[in-house]
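Reader: I'm new to this one. Could you walk me through it, a question at a time?

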Amino acid sequence: MARLNPVRGTHDILPDDNRRYRRVEETAYDVAGLYGFGEITTPVFEFTEVFSRTLGDTSDIVTKEMYTFEDRGGDLITLRPEGTAGIVRALISNGLQQDLPLKLFYRGPMFRYERPQKGRWREFRQVGIELLGVAAPIADIETIALAQQILSELGLADKVTLELNSLGDTESRAAYRDKLVAYLKQHESKLSEDSRMRLERNPLRILDSKDEGDRAIIADAPRLNDSLNEASRTFFDDVCTGLDDLGIPYEINPKLVRGLDYYCHTAFEFTTNELGAQGTVLAGGRYDGLSKQMGGPEAPGVGWAAGVERLSLLVDEGEAVPGPIAVIPMGDAAQRFAMTLTQKLRGKGFSVELGYSGNLGKRMKRADKLGACAAILIGDDELNRGSGTVRDMVTGEQSEVSWDAMEEHLARYR
RNA sequence: GCGAACGUAGCUCAACUGGUUAGAGCACCGGCUUGUGGUGCCGGGGGUUGGGGGUUCGAGUCCCCUCGUUCGCCCCA
């Protein structure tokens, strides 16, 4: 066992994994493009307050999960634990309010100091989108539809469920919070220890408790839905109707609550039961007050983020990439010629492998291992003849092909 | 941060109740084959059994600590 290990919760992404991650990211990027989303890249770290101010003082992310350090200039810096806060900061920094509505896609690493588990890392990758500047439910609908399309293009339509809820506007949420706390206080002694803590910090979360005793109490608790005011009610109905119109299936989950302070109205998660405790694969919601809260302009927003590692655990291998063409020289003269030929073919867009050493047998073996579709053999005979021996690695058929005709002959392997 | 299980070769796993030199398959390298890959046969390199301490005549095996992984809780992508 090697002593030199990566830091806990981080991992090296080898070429095979990267291929799968890229498939997830590229699919998300491509589909987002169909909806008119452009890619934004913000720094991987920000001033700590960008996150601490926006995520909520009581959220777990802020209280125990941030990678925070002081840089040499004495500034407090945090590796971003999520993408939204940085993007809204970018909106403000760049005066982008005049370009609203904005449709932004992002991807990249996020950092949270958590206990690693399957599908949960300390450094992990997300893809996400934010739609800023649209207060109407159509934004929520479009955002969810985009998520749905990405997931189904990844072949996950049957593996995930869309859960949906409304947190209501600030007024509704505050009213509900009061009602809920009043109810729970009556049963405080019977609540689990965790939930008693949550009663102070984030009572809504108690709705989602897995403790059996808690669940019994929650069963009779006032429902969030009943506390929605007229406007919130209508908003949520419009979102649901829109999803119905598009034929996007969902389940309303009245207990779905988001952990971060800035969410309001629509909250949603795509979940799977194939990843153990890490069932959430893509999650998001509306955050109308965030920009203002950060000292920026009024800019309602809705968006989501998805875990690339989690998604790629669900995604199939994907179609095999066509193998390269192997150029196999024998002898010094052939070696030099082969280098030139290889470069020429690469210049024409072929994927070409030129082995580094070994005799014919070795090189053939290596070409086979690489999954080469064809091999071009070059020895003294070929050099004299002015043509290469092209062997089809699947059929084993060989043919003489003049250098001039090589590109055309190889076209079949593209 | 809390609870539990597990850690033997690059990978997947063996090694009876503690007992000689820790094995196998796959993978890797070489040979049969210096102008021909896949199959086959032969051979080879690889391990301070995660690390440290302890018990014992003797520890991969038992005990303690530590690190790591996995599962659950918390929370989340």
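**Around the RNA strand**

Reader: What percentage of the atoms of RNA strand B within 4 Å of the protein belong to sugar or phosphate?

Author: Happy to start there, with the note that this is a predicted model. The atoms of RNA strand B within 4 Å of the protein divide into those of sugar or phosphate and those of bases. The bases hold the rest once sugar or phosphate is counted, and the share of sugar or phosphate is 54%.

Reader: How many residues surround RNA strand B, and which are the closest?

Author: A residue counts here if one of its heavy atoms lies within 4 Å of the strand. By that cut-off, 49 residues surround RNA strand B. The closest are Arg-112, Lys-118, Arg-120, Arg-198 and Arg-205.

Reader: How many residues of that surface are charged?

Author: The surface near RNA strand B has 14 nonpolar residues and 12 polar ones. The charged residues number 23.

Reader: Which residue has a polar backbone atom 2.5 Å from a phosphate oxygen of RNA strand B?

Author: Let's go through some backbone contacts. The contact you ask about, with a phosphate oxygen at 2.5 Å, belongs to Lys-118.

Reader: Which element gives the largest share of the surface near RNA strand B?

Author: Several elements give two or more residues to this surface, including α7 (193–201), β10 (280–286) and α14 (360–369). The largest share is 6 residues, and it comes from α14.

**Sheet, domains and cavity**

Reader: Which strands are the edges of the open sheet?

Author: The sheet has 8 strands with mixed pairing, in the order β1-β5-β6-β11-β10-β9-β7-β8. An edge strand pairs on one side only, and that is the case for β1 (38–39) and β8 (251–252).

Reader: Which residue stands opposite Thr-280?

Author: Thr-280 is in β10. Strand β9 (residues 264–271) pairs with β10 in the antiparallel sense over 6 bridges. Opposite Thr-280 stands Thr-271.

Reader: How far apart are the C-alpha centres of domain 1 and domain 2?

Author: In chain A, the domain assignment gives domain 1 as 15–169 + 229–314 and domain 2 as 325–413. Their C-alpha centres lie apart by 49 Å.

Reader: How much space lies in the largest cavity?

Author: The structure holds 1 cavity of 30 Å³ or more. Its lining includes Ile-40, Arg-80 and Tyr-106, and the lining residues divide into 3 nonpolar, 3 polar and 2 charged. The space in the largest cavity is about 50 Å³.

How values were computed
Residues numbered from 1 in each chain as written. Chains lettered and ligands numbered in written order. Predicted model: local features only at pLDDT ≥ 70, side-chain atom pairs only at ≥ 80, totals over all residues. Heavy atoms only, no water. Polar contact = N/O pair within 3.5 Å; in protein donor to acceptor, adjacent residues only side chain to side chain. Helix = DSSP H or I, 4+ residues; strand = E, 2+ residues; numbered from the N terminus. Nonpolar A, V, L, I, M, F, W, Y, C, P; charged D, E, K, R; others polar. 1 Å grid on protein atoms, 1.4 Å probe; cavity = no way out; pocket = protein on both sides within 12 Å on 5 of 7 lines; lining within 4 Å. Points joined across faces, edges and corners; volume = space filled by probe spheres on them. Domains from an automatic or database assignment. Pairing = 2+ DSSP bridges.
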